[in-house]
Amino acid sequence: MSKVVLVRCSSYDRTEVFEALSRGFELFGDMELSLPDDGDILLKPNLLAPDPPEKGSTTHPVLFHAVGRYLKERGYKRLSYGDSPVVGTGLLVAKKNGIQREALELGIDYTELGEGREVHVEGARQNPRFTVANQVLDASALVNLPKLKTHGLTRITGALKNVFGTIPGLLKPELHVKLKDPVLFARMIIDLNMVVKSNLVVMDAIESMEGNGPRNGRIVKTGFILISDDPVAADAVGARVMGVEPYSIPLLKEAEEAGLGTVSDEKIELIGDPIDEFKVKVFELSPDSRQSWEFSPLAGWIRNAIIPRPVIDAGMCTKCGICVTACPVKPKALVQEKNNDGKKGVPVFDYNLCIRCYCCQESCPEGAISIMVPLTGRFLYGFKARLK
Ligand code: SF4
Ligand code: SF4
């Protein structure tokens, strides 16, 4: 049986979060089995992009503080934290969202996951070797601090997807290019989790995200913290809270098949407050793009007629060009030309080049990019046209 603790926590009030987390750890019980007494422990929050905490795109600094404080008080002294976003540095994100201030107060050092070394995955499903950040490979334990959100490519992002940040910066877009198909991408995430183990997961689901996630969706006040040492079970429980059958998500279904953890609710022991209390609504997800279209002779047609595509709301776009930088394909599927006045215009997509990785949507600081279902695809996706 895999153990998943759910504890009620209605806000990011410091006292409430610390008390809820402490109660959760007491219910979890055997932290000493998950974390070594000595050695370096790396905290891995989701530092997706330089947004303020109220936007909900990153792990909240108050939860980070509570975890850091609890571990310090339990005698775990050698703590550090880090992440590697696609655009910018983890430190920039940590400054913007407030985690850096909390870490300084606790004496937890930041470590940039900028350089790595190659590791091999035995029995890999998709990707037999990765370059993983040195600090991750050298740490005695990884404490995974994901945020519960929707995701354009993997449908939901929680503990398993959060590990993608252990691959240094620009190596991540390369994997997007190589693995255009969502199922292949999910298999790569599973392979990565085979070599980057989450010793402990503490999921920020006090406020979660639906719709145009993982960066620009709507906040849903789900009101709980999740603790587990099984990242698959953690995500499966998160999916159930969102109103999604976890076996319908290739990432979770295949992660269980790969022996990474448990999806079946019959094999997950839920401890703490009742899960039904946190099922506040059925989350709006990105349109399902699970079809393995890349192998079809009609791939080009399918891509343009059916597969959800990113679109820019020109009224919201500040023409910053960050999405163009984030686009991983060569030549870029998103170009920004100058207008007659010599200033940069709103970027324009070339959907024939676009691999639907949604890195542009994830990177846009204004939430100006959403995922739209082409007309033909709406017959498959229940006539839902666009996510906001
Ligand atoms: S769509 Fe977003 S990221 Fe791209 S130029 Fe406009 S504001 Fe910047
Ligand atoms: S345009 Fe956006 S979705 Fe298309 S390949 Fe570039 S980053 Fe990915």
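Let me begin with a term: a residue is called buried when its relative accessible area is under 20%, exposed when it is over 50%, and partly exposed in between, with a 1.4 Å probe and protein chains only. What we have here is a predicted model, in which local features need pLDDT of at least 70 and side-chain atom pairs count only at pLDDT 80 or more, while totals for chains, interfaces and linings use all residues. Side-chain values use heavy atoms, with hydrogens and water left out.

I will start with Gly82, which counts as buried because its relative accessibility is 0%. In space Gly82 lies 7.3 Å from Leu42, C-alpha to C-alpha, although the two are 40 residues apart in sequence. If we take contact to mean heavy atoms within 4.5 Å, and leave out residues up to four places away in sequence, Gly82 touches Leu42, Leu43, Lys44, Pro45, Tyr110, Thr111 and Leu113.

Now to the cysteines. How many disulfides are there? A disulfide is a covalent bond between the sulfur atoms of two cysteines, and with the rule that the pair of sulfur atoms must be within 2.5 Å, the count is zero. Cys317 is buried because its relative accessibility is 16%, and Cys323 is likewise buried because its value is 8%.

Finally, ligand 2. Its surroundings, taken as residues with a heavy atom within 4 Å, include Cys327, Cys354, Cys357, Cys359 and Cys360, along with Arg356 and Tyr358. If Ala, Val, Leu, Ile, Met, Phe, Trp, Tyr, Cys and Pro count as nonpolar, Asp, Glu, Lys and Arg as charged, and the others, Gly among them, as polar, that shell divides into 11 nonpolar residues, no polar ones and one charged.

Conventions
Residues are numbered from 1 along each chain as its sequence is written. Chains are lettered from A and ligands numbered from 1 in the order in which they are written.
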